[in-house]
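Subject: Structure handover

Hello,

Here is the structure I promised to pass on. Please open it and keep it beside you while you read my notes.

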Amino acid sequence: MAHIVVVGLNFKSAPIALRERLAFPQDSWSSLYPKIQQQVGVQETAVLSTCNRVELYTSTDNMAAAPDRLHDFLIDHSRMTASEVKPALYTYTQPQSVQHLFTVTSGLDSMVVGESEIQYQVKKAYEHAKSEGATGKYLNVLFQKALNAAKSVRTETGIGRICNSVGTVSVDLAQKVFGSLKGKSVLLLGAGEMAQSTLKRLAIRGSDHIAIINRSQERAEHLAQQHGGVYYLWHHLEEKAAQADIIICSTAAQSAILTKKMVQGMMQSRHNRALYIVDLGVPRNVEVSVGELDNVYLFNVDDLQKIADKNDLQQQQAILASQKILHRKVEHYLNWWQAETSRCAPSSWERAEAS
Amino acid sequence: MIQIHIIFTLLSYAIFLVACLAGVLFLVQERLLKRKQVGSWIFRLPSLEVLDNLNLYALGLGFIALSIGVLFGFLGIYHELGYWWTGDIKQYLSVGLWGWYLIVWWIRLRSTLRGKRVALLSVLGFTLVLFTVIEAGMWQSSAHPYVDTRV
């Protein structure tokens with residue numbers, strides 16, 4: 001009877017130095033499938049190799065011997081000793097192997113729980129193996145059902161959309177206000193670490209026209225260079241603030257640097273276009289009353305932390321809901337597998353005939 | 001002529017409904033953002049800027065459709081009766097509605113008001129639409145009996 005066996009390692013079980021020794025670049029996959037099938041003696045194969053995990057998915061009639069042979073195959077490939085590699089390897093046999101792929105594909109086993117990149121990577125791994133003829137009935141159905149389950153988890157629990165850190169919440173709020181961040185101007189007032197990471201996230205999502213004002217010119221210029229921004233001196237503050245759609249403050253100033261009166265004037269000159277301000281400074285860099293102005297959205301570090309905490313709770317609930325969905329989907333696969341294997345197994349009458 | 005009047009007027013009402021819904025979604029989200037009550041479900045809704053733009057386009061399109069509808073209404077009356085003004089309640093309401101949306105659209109185009117306030121005007125505008133449709137329909141002497149009063 002064909003069973004699913006998985007052997008591999010991930011960011012939890014192995015450090016990056018080991019993961020990179022075991023990684024299979026995509027151009028080697030085609031030659032890998034026949035090699036695994038011959039050396040290990042499995043019928044179907046797929047290889048999932050990302051920066052966070054390396055896993056071999058197989059379907060085999062020899063469930064007892066396959067795990068050890070797969071271990072040996074990976075150890076050979078790493079050109080390291082067994083004692084170095086083996087502790088990092090995990091092995092799953094059916095039904096845990098099925099559960100594992102479903103969990104991985106849904107992003108529940110990822111470093112950032114719920115991320116969707118892995119779904120694409122699993123799809124790519126499956127489609128490649130299928131196009132090379134390395135998969136058969138069991139892996140085909142397994143991967144299709146896993147991808148389908150991941151889709152259900154994503155739409156039903158919203159797990160990938162939950163932001164539970166101050167950095168991601170601040171960027172998501174910017175998108176809540178503006179939709180696309182493409183073409184939006186950002187002003188960085190002060191270049192603290194949190195401000196830098198927020199700027200990085202904003203830049204990834206398309207913000208440009210980045211202006212940086214900071215007391216230390218060296219640091220600001222370095223940051224400007226990294227993200228294609230421009231450094232300005234402190235006396236440009238009001239002019240640059242009026243041009244910005246997003247302002248991130250993180251200076252060590254002891255009194256407010258953006259006052260209600262200033263922002264009121266800025267809003268007039270920007271024809272009331274929405275303005276999003278993140279105040280990461282302690283003491284606060286922006287007068288609280290600025291948040292009362294129409295079309296101004298002001299969030300300080302506590303506001304962001306509160307939202308992140310609340311979302312974290314939701315994330316836990318979404319994980320539980322996702323696990324329930326996956327449990328159901330795994331059952332579906334196992335039922336299909338049961339029916340399929342009993343249909344394909346020779347009946348007692350056929351066995352008697354053969355003998 | 002009357003058909004064009006009916007089609008464009010109803011079309012404008014449908015577009016104003018879109019503007020109103022965009023306005024409601026804007027107001028709800030704006031309030032939650034201001035109060036920092038941001039649940040993850042809020043991220044499934046369109047962004048404030050998208051809603052504000054949708055409101056602007058809907059107001060513009062709706063206003064154009066309403067203008068054509070009202071114009072053909074008047075032309076229809078003139079064609080049938082030989083004069084422009086019948087004193088029908090619906091006529092007053094339609095002209096009022098047209099004036100209201102002219103002002104709202106103009107305000108939004110001039111950018112003197114944006115976001116919350118325009119969203120609010122848009123929602124109020126649609127209540128005026130509803131009032132126009134329902135009230136005029138109930139009015140027995142109206143030339144627009146949406147409710148058949150002959151029975």
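How many aromatic pairs are there over all chains? The count comes to twelve. Here, rings of Phe, Tyr and Trp (its six-membered ring) pair if their centres lie within 6.5 Å; planes under 30 degrees apart count as stacked, over 60 as edge-to-face and the rest as tilted.

Before the details, some ground rules. This is a predicted model, where local features need pLDDT of at least 70 and side-chain atom pairs count only at pLDDT 80 or more, while totals for chains, interfaces and linings use all residues. Residues are numbered from 1 along each chain as its sequence is written, chains are lettered from A and ligands numbered from 1 in the order in which they are written, and side-chain values use heavy atoms, leaving out hydrogens and water.

**Aromatic pairs**

Take Y276(A) and F299(A). Their pair is tilted, with 6.1 Å centre to centre and 55° between the planes. Y276(A) sits in strand β9 (residues 275–279) of chain A and F299(A) in strand β10 of chain A, so the pair ties together parts 23 residues apart in sequence. Helices (H or I, at least four residues) and strands (E, at least two) are DSSP runs, numbered from the N terminus. Both Y276(A) and F299(A) are buried. Buried means under 20% relative accessible area, exposed over 50%, and partly exposed in between (1.4 Å probe, protein chains only).

Now chain B. The ring centres of F16(B) and Y101(B) are 3.5 Å apart and the planes are at 5°, so this pair is stacked. F16(B) is in helix α1 (residues 2–34) of chain B, and Y101(B) is in helix α3 (residues 89–110) of chain B, 85 residues apart. Both F16(B) and Y101(B) are buried.

Back in chain A, Y57(A), Y126(A) and F143(A) form one aromatic cluster.

**The interface**

In total, 29 residues of chain A are in contact (heavy atoms within 4.5 Å) with 24 residues of chain B. The buried area between the two chains is about 2200 Å², and carbon and sulfur atoms give 49% of that. Buried area is the accessible area (1.4 Å probe) that two parts lose on being put together, summed over both. On the chain A side, K176(A), D294(A) and Y297(A) lose the most area to chain B, together 30% of what that side buries.

The interface has three salt bridges (a side-chain nitrogen of Lys or Arg within 4 Å of a carboxyl oxygen of Asp or Glu). One joins the side chains of D294(A) and R117(B), at 2.5 Å, N to O.

Best wishes
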